[in-house]
Amino acid sequence: GTVGSVERGSTHERLTFTTSRALEIGMTLAVATPDEGLGPVLYQLSEAEVRESSTRGGSHLVVTATGDQIGRFDADTSRLTLHRWVPPPGSPVTHYTESQETYRLPSNAMLIGHVLGTDLPVFLDTEEVCAGHIAILGMTKMGKTTLADSLARKMATKRRGATGDPTGENQKSRGRT
């Protein structure tokens, strides 16, 4: 349902809106575009603040929130693409929970998760990974080794490769000797 309306100050990358109900940071929001056939532009709620709005004879508190654009979902390619468009003030902002369209992952895709609070896929294109370099960064115990191991196994089904473990950490964490 509707969670607010677009305010002035929005850009093609950042949505500013007044909320009409409680929201959680990280939730996925949507604003419909005027182009029929295109899905909504999706945003991830990044911050909110309570402000005082003064009017003649009094004032009241208003919650203003911002979201960063994550893109428009293209069901044909199962990809999110940035959409260069600024939503007009007053446009309804809705809570986006699930894709309205079905999607099919490309054969060279390795599913690694979903956009927070939705069923939209987040995947690695193993063909693109093989065309260049990849860095897997994160804090301790966040799944870097598991991702690297899964990626190596997926890629090994189509090509030859080798992995290195100079510190022996992967072998120890996987119970290998």
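Two strands pair if DSSP finds at least two bridges between them. Strands themselves (E, at least two residues) are DSSP runs, numbered from the N terminus.

I'm working on a predicted model, where local features need pLDDT of at least 70, side-chain atom pairs count only at pLDDT 80 or more, and totals for chains, interfaces and linings use all residues. Residues are numbered from 1 along each chain as its sequence is written, and side-chain values use heavy atoms, with hydrogens and water left out.

**Strand pairing.** I looked up E7 (residues 92–95) and found E1 (residues 2–6) antiparallel to it over three bridges. Ser5 sits opposite Pro92 there. E3 (residues 28–31) also runs antiparallel to E7, over two bridges, with Leu29 partnered by His95.

**Salt bridges.** I searched for a side-chain nitrogen of Lys or Arg within 4 Å of a carboxyl oxygen of Asp or Glu. The whole structure gives five salt bridges. Arg14 meets Glu47 at 2.8 Å, N to O. Glu47 is in strand E4 and Arg14 in strand E2 (residues 14–19), so this pair ties together parts 33 residues apart in sequence. Arg14 also meets Asp68, at 2.5 Å, N to O; Asp68 is in strand E5 (residues 58–74), 54 residues away. I note Arg14, Glu47 and Asp68 as a linked salt-bridge network.

**Another pair.** Arg79 bridges to Asp125, closest N and O atoms 3.0 Å apart. For burial I used relative accessible area: buried under 20%, exposed over 50%, partly exposed in between (1.4 Å probe, protein chains only). Arg79 is partly exposed at 31%, whereas Asp125 is buried at 12%.

Technical notes:
Helix = DSSP H or I, 4+ residues; strand = E, 2+ residues; numbered from the N terminus.
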